[in-house]
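Colleague: I would like to go through some labels used for this model. Please set each value against its definition.

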Amino acid sequence: DLSNNIYVTDGSSIRIFNREGILIRKLGNRGEQDGQFNGVNAVSVNNSTGDIYVFDLTHRIQVFNLEGKFLRRWDMKANLIRRGMAINNNGDVLVNAAIGPANLKNYALWKFTASGQILGYWKLRQLCWRIAIDNENMIYAISHNYILRLGSEGKCVKKWNIEGEVGKYHPEVPYWKSYNPKYNNYSLHDIAIDKNGQIYVIVHGFFNSKWDGPKNEIYVLDPE
């Protein structure tokens, strides 16, 4: 958020820490009632209001204020498969999810108002996981070992990996066939963007030809 607080979830609750790592508050516990969570999938903050949005495996989005008070919720279609959520500078909520089976043709980027009214959706041309939005409302997404920059209507305008190599975008090729073999030994787990536009990516994998256990790191990247 604008105070550089850090939001961490274990799936059934959310803990908010300040920049020094001091716990500020905890939200929720396991359950399916208002204010409870069942498998938190994404957390995002509306920087205009400070409200906290939580998307969980029960296909619902819950909204809390800065003090952690439950404000409202809305449910998405029961057959939606969750992926990611982010909020743009206009306060619109974008949700990356599949309608039905998790394959490329079913993925879409859904757009809602801050109160949950649907504004529309765009079919995604490449399978994506987590998403983040910068100050210019550009959408960034991760797809296995690539970072995608998405323009209007979900169109990919740039694709690159953490080593800086630009990948050729093939909208007709399934994501599992567009891996770069050179970088198949890691995957990108999550993405965030700070107020200065720097990109933070959680990387999971190993970087040696010989397996020596998982290696988890955070990379800080320049958007250009």
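Modeller: Asp34 is partly exposed, with a relative accessibility of 43%. This is a predicted model, in which local features need pLDDT of at least 70 and side-chain atom pairs pLDDT 80 or more, while totals for chains, interfaces and linings use all residues. Residues are numbered from 1 along each chain as its sequence is written, and side-chain values use heavy atoms, without hydrogens and water.

Colleague: Why is Asp34 called partly exposed?

Modeller: Buried means under 20% relative accessible area and exposed over 50%, with partly exposed in between (1.4 Å probe, protein chains only). Asp34 has 43%, so it counts as partly exposed.

Colleague: What makes the contact of Asp34 and Arg73 a salt bridge?

Modeller: The term asks for a side-chain nitrogen of Lys or Arg within 4 Å of a carboxyl oxygen of Asp or Glu. For Asp34 and Arg73 the N to O value is 3.1 Å, and the pair is a salt bridge. The pair links distant parts of the chain, 39 residues apart: Asp34 lies in the loop between strand 3 (23-27) and strand 4, Arg73 in strand 7. Strands here are DSSP runs (E, at least two residues), numbered from the N terminus.

Colleague: Which salt bridge joins Arg73 and Asp75, and at what N to O value?

Modeller: Their side chains meet at 2.7 Å, N to O. Asp75 is partly exposed at 48% relative accessibility. Through shared partners, salt bridges join Asp34, Arg73 and Asp75 into one network.

Methods:
Helix = DSSP H or I, 4+ residues; strand = E, 2+ residues; numbered from the N terminus.
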